[in-house]
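Welcome, and do keep the structure open in your viewer while you read.

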Amino acid sequence: AANASEHVFNVTVDYVNISGFTVTGATGWGWPGPAGIFLDSVEHCNISNNNVSNNYAGIRLWYSSNNTLTNNEICKNLDEGVILWHSSNNTISDNKLDQNHWAGICLVVSSNNTITNNTASNSSYGHGIYLKESSSNTITDNEVLDNGFGIVYLQWSSTNTLTNNTFVNNGLYVGDHYSYQKRVEYNTVNGKPLAYLEDAADQTITNAGQVILVNCDNITAENLDLSNAS
């Protein structure tokens, strides 16, 4: 960054490719704060194979859709590694997100995005992947490691798909009763199944690393070790 209070890349046109850069130094504070790479109301951009570190936010999409973020290393940013704000139909895949303070990946009012094959770890505040008012997203085949909370749903984040994710020393957190109607299958917490039930009754859970029950009746959970989950 030539100026710590400004974005390093400020993209305002469609069909831009940014690849092979080290992007750092946009560390100024304030709202919404500078980003290493900022996509402003654009589509069909490809952000790949960059090292984006030590910024306020790593990569921010602002009212931007149909973009791809892949194979980036996004580490040690002061707020989020990747944040989508009112941004839909984007693909975030095969990125390494480590030691970003607030969250590895954050979605706010952003729907129909695909988040796959990422590693999100060691967020010091606590969120690997965080969704607020964001629905119909697909989150699959990610490793979410050593965050205070692995994946967090808050405020009307429903109808999301969460499959084949691996949680280690964290897990899933559902923050309110509007954040359900999700497909949650084949995820593990510390090597054991994530037991997630909605509108279920009369079941017994005997093998799980984490148990989440939404609007359930007469569920028995027994003989479980639920240590080090969210």
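Let us begin with I151, which touches I129, L131, I139, V144, L162, F167, G171, L172 and Y173, leaving aside residues up to four places away in sequence; a contact here means heavy atoms within 4.5 Å. This is a predicted model, in which local features need pLDDT of at least 70 and side-chain atom pairs count only at pLDDT 80 or more, while totals for chains, interfaces and linings use all residues. Residues are numbered from 1 along each chain as its sequence is written, and side-chain values use heavy atoms, with hydrogens and water left out.

**The core**

I151 belongs to the largest nonpolar core, a group of 35 residues, where I59, V82, I151 and L172 have the most contacts inside it. A nonpolar core is a set of buried Ala, Val, Leu, Ile, Met, Phe, Trp, Tyr and Cys residues joined through side-chain atoms within 4.5 Å. Buried stands for under 20% relative accessible area, exposed for over 50%, and partly exposed for what lies in between (1.4 Å probe, protein chains only). Among the elements that give two or more residues to this core are β4 (35-40), β7 (57-62), β19 (149-154) and β27 (210-214). Strands are DSSP runs of E with at least two residues, numbered from the N terminus.

**Aromatic pairs**

How many aromatic pairs does the count come to? It comes to seven, where rings of Phe, Tyr and Trp (its six-membered ring) pair if their centres lie within 6.5 Å, with planes under 30 degrees apart counted as stacked, over 60 as edge-to-face and the rest as tilted. Two of the pairs are set out here.

| Pair | Centre to centre | Angle of planes | Class |
|---|---|---|---|
| F9 and F21 | 5.1 Å | 70° | edge-to-face |
| F38 and W62 | 6.3 Å | 45° | tilted |

F9 sits in strand β1 (residues 9-11) and F21 in the loop between β2 (17-19) and β3 (22-23), so their pair links distant parts of the chain, twelve residues apart. F9 counts as partly exposed because its relative accessibility is 22%, and F21 is partly exposed as well, at 41%. Because F38 lies in β4 and W62 in β7, their pair ties together parts that are 24 residues apart in sequence. Both F38 and W62 are buried. Ring pairs also link F38, W62, Y63 and W85 into a cluster.

One more ring deserves a look: K182 lies over the face of Y153, at 4.3 Å from the ring centre. Such a charge sits over a ring if NZ of Lys or CZ of Arg is within 6 Å of the ring centre and within 35 degrees of the ring normal.

**The sheet and its edge**

Ten strands form an open sheet with mixed pairing, in the order β3-β6-β9-β12-β15-β18-β21-β24-β25-β27; two strands pair if DSSP finds at least two bridges between them. β3 and β27 are the edge strands, each pairing on one side only. β27 pairs with β25 in the parallel sense over five bridges. Within β27, V211 is the bridge partner of A195, and Q210 is that of L194.

Technical notes
Helix = DSSP H or I, 4+ residues; strand = E, 2+ residues; numbered from the N terminus.
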